[in-house]
Amino acid sequence: MYLELSHLKKNFGDKEVVQDLSLSLEQGKLLCILGSSGCGKTTTLNMIGGFLTPDGGSILLDGQDITRLPPERRPVTTVFQSYGLFPHMTVLQNVVYGLKFRSCTKSQAREKGLRYLDMVGLSDYANARIHEISGGQQQRVALARALIVEPKLCLLDEPFCNLDAALRVKMRGELKKLQQELGITMVFVTHDQEEALILADSMAIMEQGRLIQNDTPMQIYRHPANQFVSDFLSLDELVWTEDGVLMKVIKR
């Protein structure tokens, strides 16, 4: 497997936030870690990104043990809820920021930056300031900035939580399309069941620091591991194709 989490543990004082978590992900796939607030999903993401050090277990990415590497030495990028954009820079300057640490000339960085802005539909906003664009556009800038450095893994921590409902739906489709076109491996954290079911190639459901079930969305929906999973995913009636593609969500 491309990404392997093995027996990860994390404590905050006497509280076990993540308990003996093991899961894996194939290259080029999108994993959604799903659960209610406080289940340990963001803590898990932060351990993968290097922002928290595990109290036990290991993290392997493309065969490399990255468990103890600091964030800047990992071939991993993260898109946070707040986006973390630089307000004093233009949209293009934000996107190409990570390239300054690579062997890349200014002209090469600009050319690549414009290409990635085109991918996220923001070619006309290259010279705009961050405060001049909408929340959805800021989210796209953050995504382009994360992807332009061609990471082995992209982490996303509820990136759509600050968007309105209609824009969330639109951004889900755009993210999935971009992820598939680039073939990039992603781990996406969310508490939104519908979001996870639509986006995920595989889905990991957590409760109180424990991994409850890890499978394709269709398999989890049709064959929940226990009553908790069944109740957690009982919001909608879903229609699937035979090969496991979610076609329709029917609100109950």
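**Gly121**

I started just after helix 3, at Gly121, in this predicted model. Gly121 takes a positive phi of about 75 degrees.

**Helix 3**

I then went back over helix 3 itself, residues 106–119. At 1.5 Å a residue, its 14 residues should span 20 Å. The end C-alpha atoms are 20 Å apart, which agrees.

Which residues of helix 3 are buried? I noted Ala109, Lys112, Gly113, Tyr116 and Leu117. I looked down the axis of helix 3 next. The buried residues fall within an arc of 140 degrees, so they line one face of the helix.

What covers the buried residues of helix 3? The cover includes helix 2 (91–96) and helix 4 (135–147).

Four of them form an open sheet in the order 2-1-4-5, with antiparallel pairing. Strand 2 (15–25) and strand 5 (64–65) are the edges, and each pairs on one side only.

I followed the pairing of strand 1 (residues 3–12) with strand 4 (residues 56–61). Five bridges join these two strands, which run antiparallel. I picked out Leu5: its bridge partner in strand 4 is Ile59.

Last, I looked at what packs on the sheet. Helix 1 (residues 41–49) does, touching strand 1, strand 2 and strand 4. The direction of helix 1 makes about 115 degrees with that of strand 1.

Key
Residues are numbered from 1 along each chain as its sequence is written. This is a predicted model: local features need pLDDT of at least 70, side-chain atom pairs count only at pLDDT 80 or more; totals for chains, interfaces and linings use all residues. Side-chain values use heavy atoms; hydrogens and water are left out. Two strands pair if DSSP finds at least two bridges between them. Helices (H or I, at least four residues) and strands (E, at least two) are DSSP runs, numbered from the N terminus. Contact means heavy atoms within 4.5 Å. Axes are lines fitted to C-alpha atoms, for helices over the stretch in contact, and angles run from 0 to 180 degrees between N-to-C directions. The expected span of a helix is 1.5 Å times one less than its number of residues. Buried means under 20% relative accessible area, exposed over 50%, partly exposed in between (1.4 Å probe, protein chains only). The arc is that of the directions from the helix axis to the C-beta atoms.
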